[in-house]
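Hello,

Here is the structure I promised to pass on. Please open it and follow along with the notes below.

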Amino acid sequence: MSDTTAPAPLVHARGLRAAYRGQRGTDVVAVDDVSLELPRGQVLGIAGESGCGKSTLAAVLSLTARPPLSVLGGELTIDGEQLDLSGGRRPPRTWRGSVVSLLPQGAMNSLSATTRVGDLAVDVVRAHRGRIRRAEALDLLTDRLDALDLPRRVVHSYPHQLSGGMRQRVVTVLSTLLDPKLLIADEPTSALDVSTQRALTELLRELLHRGLVGGIVFVTHDLPVLRAVADRIAVMYAGRLVEVGDAAGLIDDPRHPYTAALLASVLVPEPQIRTRRVGGIAGAPPDLSAPPAGCRFHPRCSLASDVCAEREPPLLGTIGGGYATCWWRAEHPDEPLEARL
Ligand SMILES: Nc1ncnc2c1ncn2[C@@H]1O[C@H](COP(=O)(O)OP(=O)(O)OP(=O)(O)O)[C@@H](O)[C@H]1O
């Protein structure tokens, strides 16, 4: 089949760039030339160590960047509608909530303690749909809870009366009440135990299955969680994507040395790969106000050669199909990485 007949991706981002303005005029470019695609009905996981730019990318994609963060450039197309993010242009207000919705990090703990869940839903709906009647907004919430098999009683509950897992599911329902085309969930499972993590990832899958959201970007430092929930995974290092691929393939056969090192540093619950060692990656991520030349991972990479310190690595593959950016991989296209680390 030729490319012209392939369905357009739900999300198509090109050249996203965003920086924190430092006090002495130094910029920390935390998202640097990031391009990605998300097919309709899928979950794209964004993984990487702390400080690599995941939350910043989430802010850019969800159009929630605020000073000191500013978006320097890039193009974002969601469901055929295109936004030019260059020149500090403000995205249309109508996009927030209904085109893109952010489930921010720690959202379940930032709900107002004195507001019942039903009233939170009324606020969410009124913020976007104006003077909708209270009963109508509550009906919307009740219908959604029914559809997702969640108990109606939460409508009358205060957040502190709910368990952590239920609070996170409720926050997820509230942030998708307006059927956003794209939901960006930033570390939604990080404070949850394994069984409540699973309940949340099942809820996200159900939202997709029922067409209540068009696609999901799921940000986490936890690669094993992504194996369970994501269709595709993008691995981020020092503000850039270094590898993108389908979830199972990327975890079973990483193409980039950083992905392999990241996988080696976590305890993977699947028994067949539990033999991987547990430990950190040697060294620390670079200071993003002065990142290393060439491949940004080269100072920590056991496979680095001279060229890695001098020239930007090639993109091996395609943005839509999957790729790795690596000089070593260019010379060893088929060699498994696990044995080399
Ligand atoms: N308000 C800020 N001002 C200046 N620099 C910031 C600010 N917030 C984040 N940064 C820097 O931007 C970079 C990316 O941070 P970001 O929070 O996006 O990473 P992350 O991968 O989401 O990390 P974590 O998993 O810890 O949330 C880091 O180097 C961080 O120090």
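D179 is partly exposed, because 16 other C-beta atoms lie within 10 Å. The cut-offs: a residue is buried with 20 or more other C-beta atoms within 10 Å of its own, exposed with 12 or fewer, and partly exposed in between; C-beta atoms are placed from the backbone. D179 also has a positive phi of about 50°, although it is not a glycine. Look for D179 in the loop between α4 and β7.

This is a predicted model: local features need pLDDT of at least 70, side-chain atom pairs count only at pLDDT 80 or more, and totals for chains, interfaces and linings use all residues. Residues are numbered from 1 along each chain as its sequence is written. Helices (H or I, at least four residues) and strands (E, at least two) are DSSP runs, numbered from the N terminus.

A238 has a positive phi too, near 50°, and is not a glycine. A238 sits in the loop between β9 (232–237) and β10 (240–246). A238 counts as buried, because 23 C-beta neighbours lie inside 10 Å.

Next, a peptide bond. The one from P67 to P68 is cis, with omega near 10°. P68 belongs to the loop between α1 (54–61) and β4 (69–78). Most residues other than glycine have a negative phi, and most peptide bonds are trans.

Now helix α4 (residues 164–175). Of its 12 residues, 10 are buried, so α4 is largely enclosed by the rest of the structure. Among the buried ones are M166, V170 and L174.

Best wishes
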